[in-house]
Amino acid sequence: MIEVDQLSKVYANRRVVDHVSFTVSPGEIFGLLGPNGAGKTTTMGCLTGLLRPDSGRIRVAGYDVVRQRSQMVQMIGVAFELPALYPRLTVEENLRFLGALHGAGADEVKTVMTRWGLTERRRQPIHSLSKGWKQRTMLARAFLGRPRVVFLDEPTSGLDPNAVAEIHQILRSHQIEGMTLVLTTHDMTEAAQLCDRVGIMAQGHLLAIDPPAVLVGRLQDQTVQITWWNQGTLSTQALALADPCTPDTLSRLLRDGTVVEIHSTGSLNTVYRRLTGGDRT
Amino acid sequence: MTPLKGMWVMERHMARDWLRNRTLWIMLLLPTGIFWAVLHTGTSPHRRWFVASWLLFAQVMTGLMIAASYWLEEREQGTWQALRVSSVPIGWIMGAQAVFVGLLAAVSQAGVLMVSCGPWHGSLGLGMVLGGFVFTGFGLLIGITSPAQRTGSLLAAAAMIVFFLSALIWPGLGENTGIHSWLSWSPAIVTVRVMRAGLQGSPLSWTMIGAMVGWGSLIIALLICLLHREYHRGLPM
């Protein structure tokens, strides 16, 4: 569904995206992760046709983003980090206008509003909504016009856990219908839960690309931190997974029924910090 | 969606959005209101020049200021990006914005004309329409080149004052001075001269019309270059 081949982009003599290549399959949720300035937003800009790549080729939904841009934009939906909505207009007016530009009729707008739980608030002006509802309206907008690929920039940033869970559920339901989703996020939990595969970028390079579980599994020095009741007091110990004694110790403690908590240090967050150099600080 | 339908969708949207904006109403009615007040304080031997200058004020107030603030608002709230990834070509979207603001400028000028109680001639309309679009174009240019709403608004206000004041002081400058002939080709003076001819019923000066069309073409060329630059390098930071 998306083919990126040797994409590069230079700003003021600085190569912000450097020969990045990856593919995204139809119906996949793909996450682009990386610290600020890693080149994610520029990559997204090139993928959505907002920026022209300096070199390399990108095909989205079968169309070249430079030479067939007008056909390509009809296949995509984009939710930006900024609300990108008209504050004086109501939820419904915003969706109708922005939907009309993507060829969505009134019926489709109604269906999308229902799906995103916006029906009750459809007559409220955007300026009177909370951040969560604005975000929801903006996300709903990206799905108007029956796009085949939807790009989401920080879709749940700053939202409460219930809203995040609800949005994840809606995004998964779109995936089940065969839509391809590409998102950027700084939330590693979100990436691990939602994405089929993630790409980690830093300084314009794509450092790793794989399913989150595979990336975590590649960590050589994973440990589990175990907390258990030890003769009336709580004890905590870190056990290296590579240590041959660890399985025996773990199963003994579990058999005794004294384990309070097991916490794995191997997470997507660890992988991210190692790859992007965050673990050195 | 055809580009024309896209333009129509944009026009309806802008009307719905901007007619809820109180600032727009003030900017739209202010030229007529002030002109009405000034006219009722007495008559002036320079009435024709005065009417033409006030029509220019209506053009820069509505055309330039509204176009700039509309564009800056689009950029600041991120809706410009959303419009750029729609299936309507960006040139048509900007065209729709220019038509809407140009119409507002025409409404504002019509208000001034109604208060001035004529007489005027059909050729005046050409100056009003062309001038309206030239200053709308300047507004879009300011909007697209300004990094933030505050600086853009300041720049638009400064440009409005410069255009209006230059038209006011121009008749007082010595005709043989270099600045007089240099300023006579500025968009403000060219517009006022065309409209003055329309008010007097004089034949149209094709040189002046050509100059206005030239300014309009230059602005369109600059807008195309800036949009092209935005696509290659991103928004001005």
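**Chains A and B**

Modeller: Taken over C-alpha atoms, the centres of domain 1 of chain A and domain 2 of chain A are separated by 41 Å. This is a predicted model, where local features need pLDDT of at least 70 and side-chain atom pairs count only at pLDDT 80 or more, while totals for chains, interfaces and linings use all residues. Residues are numbered from 1 along each chain as its sequence is written, and chains are lettered from A.

Biologist: Where do domain 1 and domain 2 of chain A run?
Modeller: Domain 1 covers 2-211 and domain 2 covers 221-265; the bounds come from an automatic or database domain assignment.

Biologist: Over to chain B. How many helices and strands?
Modeller: Chain B has ten helices and zero strands, counted as DSSP runs (H or I, at least four residues, for helices; E, at least two, for strands).

Biologist: And how compact is chain B?
Modeller: The radius of gyration is 18 Å, close to the 18 Å from the globule rule for 237 residues, so chain B is as compact as a globular protein of that length. The radius is taken over C-alpha atoms, and the rule is 2.2 Å times the number of residues to the power 0.38.

Biologist: What are the spans of the C-alpha trace along its principal axes?
Modeller: About 55 × 40 × 35 Å for chain B.

Biologist: What percentage of chain B counts as buried?
Modeller: 53% of its 237 residues, with buried meaning under 20% relative accessible area (1.4 Å probe, protein chains only).

Technical notes
Side-chain values use heavy atoms; hydrogens and water are left out. Buried means under 20% relative accessible area, exposed over 50%, partly exposed in between (1.4 Å probe, protein chains only).
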